[in-house]
Amino acid sequence: MPVDAIALDQHAAMGPPGQDRGVPPRTARAAVTAIFFLNGFILSSWVPRIPAIKDDLDLSEGRLGLALLGTAVGALLAMPVTGWLLPRVGSRVMTTIGVMLLAIFLIGPALAGSWTALTLMLMLFGAANGALDVSMNAHGVVVERRYRRPILTAFRAAFSLGGLAGAAVGGLFAGLGIRPLPHFSTVAVVCIVAGFLASRRLLPGHVDRRVRPDPETAMPKSRAPFRPPGRIVAAGIVALACLLGEGAVADWSTVYLDETLGTSEGLAAAGFVAFSLAMTLVRLRGDRLTAAWGPVVFVRRGGALVALGLGLGLVIREPWAAIAGFGAVGAGLAGIFPVVLSAAGRVEGIATGAALAFVSTLGYTGFLVGPPAIGLVAEVVGLEVALGIVVAMGILIVLLAGSLAPAEALDAQPVAVEG
């Protein structure tokens with residue numbers, strides 16, 4: 001996440017002192033919540049139709065994995081560009097553009113007539129998602145400043161609810177035998193209208209090029225090599241393991257149920273629905289659980305649940321066990337990333353912004369690159385064995401959870417990075 005851009009956009013969207021800000025904080029919060037919901041809904045509308053697209057183009061698991069890499073490439077290219085544009089254009093404009101393009105580019109994979117075309121379409125889809133991810137989180141930080149208390153976790157819950165709804169609707173369309181093109185077109189039209197209405201209630205942006213980044217949160221400008229402390233590296237690895245698991249289930253759960261276990265296309269969507277539902281429920285109570293157990297125990301129990309739940313699901317080789325296993329992954333991973341970000345921001349000897357940027361970069365790398373990597377491994381050893389990588393990530397989280405122990409008691413502070 002471009003921390004400098006967030007710092008700049010906080011000032012830009014707040015506007016000059018004394019200026020009428022127009023939109024009440026409660027209204028702006030509802031609008032950002034709607035945008036997060038739409039983001040999850042659009043992304044999850046694509047997931048249940050992956051098997052249909054794969055069959056239409058007669059793709060192997062390896063070639064599908066390479067095509068999915070286009071999503072990662074598009075997002076990684078768009079994120080820094082969006083960070084550069086935010087202080088110049090404002091997060092309201094960038095969020096509006098992002099949600100519109102994401103809805104439009106959802107249609108692309110259904111129009112692809114070849115592996116090359118699918119890869120290019122997924123690059124555009126990924127670029128729109130990357131731009132929206134950075135923009136809506138930057139705007140969410142501004143809204144959170146109005147409230148003067150943490151509310152970003154609620155936005156993440158809205159994203160999960162959107163993912164649950166999108167997966168459920170996608171599974172219904174697939175079960176009814178509706179082709180991906182009319183399905184995606186319907187979702188695109190509905191989300192464009194909803195996104196436009198929500199964006200009108202975002203906070204107005206006021207571009208101010210004179211604003212400079214906060215030295216406490218900005219990335220260091222020194223030309224010396226960046227050498228993060230060991231605790232930051234460990235936290236970054238936990239973030240990578242967590243988001244790799246999220247991305248793997250999102251892209252491969254339906255394929256595993258549909259092809260490896262031989263379920264119907266409609267039932268195959270149940271794996272991702274279970275994952276999304278479990279993640280949503282845990283996110284709604286994640287802050288309370290972290291406070292009750294402490295960050296180390298919370299993360300360690302989450303990693304253990306991932307390893308045990310999915311491990312059993314893969315060994316039993318029954319649809320119900322696999323669906324339960326994917327649900328266990330959702331519950332186990334739900335609150336880990338925010339805890340990692342909070343812990344990283346408290347490590348001494350490194351600027352907060354640099355710590356969060358380092359951990360976030362590793363985390364999103366796992367989310368974007370992990371699913372294609374699993375596809376390539378599946379080409380050699382089979383998808384069932386390849387999904388064992390997620391089990392291994394759960395074990396890794398358990399082993400590294402101790403690195404998240406707070407060095408000292410600090411007052412809770414809002415985290416300006418999505419988690």
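Trainee: What handedness does the crossing have where α12 passes α17?

Mentor: Left-handed; that label is used if the near helix is turned anticlockwise from the far one by less than a right angle, and right-handed if clockwise. Keep in mind that this is a predicted model, where local features need pLDDT of at least 70, side-chain atom pairs count only at pLDDT 80 or more, and totals for chains, interfaces and linings use all residues. Residues are numbered from 1 along each chain as its sequence is written, and side-chain values use heavy atoms, without hydrogens and water.

Trainee: What makes α12 roughly antiparallel to α17?

Mentor: The axes of α12 (residues 295-316) and α17 (residues 388-400) cross at roughly 155° and come within 7 Å. Angles over 145 degrees count as roughly antiparallel, so α12 gets that label against α17.

Trainee: Is D58 buried or exposed, and how do you know?

Mentor: Exposed, at 68% relative accessibility. The cut-offs are under 20% for buried, over 50% for exposed, and partly exposed in between, using a 1.4 Å probe and protein chains only. D58 is in the loop between α3 (50-56) and α4, and its phi is near 55°, positive in a residue other than glycine.

Trainee: Why is R317 called partly exposed?

Mentor: R317 has 41% relative accessibility, so it counts as partly exposed. R317 sits in the loop between α12 and α13 (319-333), and has a positive phi too, about 60°, although it is not a glycine.

Trainee: And what about V73: which class does it fall in?

Mentor: Its relative accessible area is 33%, so V73 is partly exposed. V73 lies in helix α4.

Note on methods: Helix = DSSP H or I, 4+ residues; strand = E, 2+ residues; numbered from the N terminus. Axes fitted to C-alpha atoms, helices over the stretch in contact; angles between N-to-C directions. Parallel < 35°, antiparallel > 145°, perpendicular 65-115°, else oblique.
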